[in-house]
Amino acid sequence: MDKILRINMGASGGPSQNIEEAGEFSALGGRATTSMIVAKEVPPDCHPLGAENKLVIAPGMLSGTTGAMSGRISVGCKSPLTGGIKESNAGGQPAQVMARLGYAAIIIEGKPASDDLYKIHIDKDKVTISVDNSLKLMDNYPLVEKLRKEYGDKAAYMSIGSAGERKMAAASIACTDPELRPSRHCGRGGVGAVMGAKQVKAIIFDDSGCTHRQPKNQEKFKAANRAYVEGIRKHAVSGEGLPAYGTNILTNVLNEAGGYPTRNFKTGFFEGGTKISGETQAELEIQRGGLATHGCHRGCVIQCSGIYNDKDGKFLTKQPEYETVWSHGGHCGIDDLDTIAMLDYLDDNIGVDTIEMGVAIGVAMDGGVIEFGDSEGAIRLVRDEVGKGTPLGRILGNGAEMTGKAFGVDRVPVVKGQALPAYDPRTVQGIGVTYATSTMGADHTAGYAVATNILKVGGDVDPLKPEGQVELSRNLQIATTAIDSTGMCLFIAFPILDQPETFDALLDMLGAFYGIKMTGDDVVALGKKVLTLEREFNQKAGFGAEDDRLPRFFKTEPLAPHNITFTVKDEELDELYNWS
Amino acid sequence: MKITVKLFASFRIGRFDREIREYPQATTVGDVVRDLQIPEAKVGILLLNFVHVDLQRQLADGDALSIFPLVGGG
């Protein structure tokens, strides 16, 4: 990965392209690359949909190698949802293919003067940027079908649906899986709207004629990869639970812990939880001839995904993730898996973040737009309003905060404008710290304290008390920022938190690949460096300590069944970034 | 005394999802786990009436106990 592709969509006479030396970015990846470029090149006070914002795409440090789990791709920009810096990553095939093509990053800047829609095709010989207005307002599934006829099945696709073109702040960027379904999404923060603002509909990567990236020390890399895979396979979470039941195994866990936000965060237990749990979902998938175990990219050894067929045994969508099942399920008072799976498909097709979309619908339910539990109504809102870009659909498609304002709702679960995911911060106080302080807005993946609070992986901190939560979240946020830079799937955190030898194997892989000695301290230093840059960007964009807070109702309204509030003090939250 | 026992994920295989079971006074969480022939090393999360507990915790009549293997997601 020794080059960077810079595309100026606003160049006079049509989009221009330039290949630059990757320099320091040739040995970096993912979030480190996207955030460093955004921090350096994007004015923090620019409008996210304007010409000055940039969309930066980067594979991970080990993407495109034979290393396992290395298929995450990061997309960075200034977020139209939060107004701060954003890194959103996804699985699927694009990271591997882009890395094998040799690109450490693609930077898309400027804005076309015309209203033409573009597609970008990248192969080993050239980059072709062409107008294709026949793709206008197509959604992801039919879009990829059409593009496959032109570019074939060996390529990997990144694309936006109609929501991205309409520049909705919940719009995602879809990445195709090994079977070329646009089902893996850079979901959070409206990155799809930024791609839409650049008028880029799709990026097609074709690595025909390219080989795997070669490590500096082949033998050491192979041995380290072997130990790494062994460690992942032997851990109960990554080797048994995730493959068999997927991420939705958490519905029952959070429900039984009283931390499952129900009907817009009104209680912590959903009476319909069992009906939409991972256990029920896996059984149904197998019964209907789908799959309960499926990898989102080649080289995945966890295989946490699956294939969800409809009642007639026909493909409906990929296995909906826990957060999706929650946002469209318990959060909306809906206890029907087929409804949730249909909403997952619609979100992927239209191209919106399943968390933001589901939370927005729940907020709309609280505002009386439809009743809680109205399955048909929820489908109609996404398919016929968001999907068709009606005025109501544009309100919903701009996220939970916008929806709350439009319908006069005083209970709006967002931080920095981004919707809270599927863990109530009153019952899982550590994740509340992450939601409040993350540079990304409310984001569970930014520092997954649920592991330590609830799952008892990587230690044990009481979820119901404030003690120790800031330190826990700080350490996890630093570690996660580093993992997001390697391009590794975050689920490797379960084995590497519990098994020091698996963490060492990952360090050895990085070291053997780049011909350096990599230590745990280097990983921490990288995490801190990137977080610091992100926070400085946000400060320049206008964020202060008052933005590192949860909505006040979490401090004032006790949550059943524990009847507790969020009790980590503001001054403690302000200590999160005070590290030595 | 009557204890509602709920099992999850792989612990359901060959056992049950949810049962109200009779146990003598002073039964501990560990006693229930052993009674169900669940290997202790496989136990990941124990929740008693929504609160995390350990194997030594004594049960009371009417308690609801949820037993999970080590699981994760997110």
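How far apart do the C-alpha centres of domain 2 of chain A and domain 3 of chain A lie? They lie 23 Å apart.

## Basis of the model

This is a predicted model, in which local features need pLDDT of at least 70, side-chain atom pairs count only at pLDDT 80 or more, and totals for chains, interfaces and linings use all residues. Residues are numbered from 1 along each chain as its sequence is written, while chains are lettered from A and ligands numbered from 1 in the order in which they are written.

## Domains of chain A

Chain A is assigned domain 1 (3-205), domain 2 (247-423) and domain 3 (425-498 + 517-580); such bounds come from an automatic or database domain assignment.

Domain 2 of chain A gives 22 residues to its contact with domain 3 of chain A, which gives 21 residues. Residues are in contact if their C-beta atoms, placed from the backbone, lie within 7 Å. On the domain 2 side, α8, β16 (414-415) and β17 (418-419) of chain A each supply at least two residues. Helices (H or I, at least four residues) and strands (E, at least two) are DSSP runs, numbered from the N terminus.

## Contact between chains A and B

Chain A contributes 29 residues to the contact and chain B 16 residues. At least two residues on the chain A side come from each of α7 (236-245), α8 (250-256) and α17 (450-455) of chain A, and α7(A) has the largest share, 7 residues.

## Gln37 of chain B

Gln37(B) lies in the loop between α1 (29-35) and β3 (43-48) of chain B. Gln37(B) is exposed (12 or fewer other C-beta atoms within 10 Å, C-beta atoms being placed from the backbone), because 8 such atoms lie within 10 Å.

Methods:
Two residues are in contact if their C-beta atoms, placed from the backbone, lie within 7 Å. A residue is buried if 20 or more other C-beta atoms lie within 10 Å of its own, exposed if 12 or fewer, and partly exposed in between; C-beta atoms are placed from the backbone.
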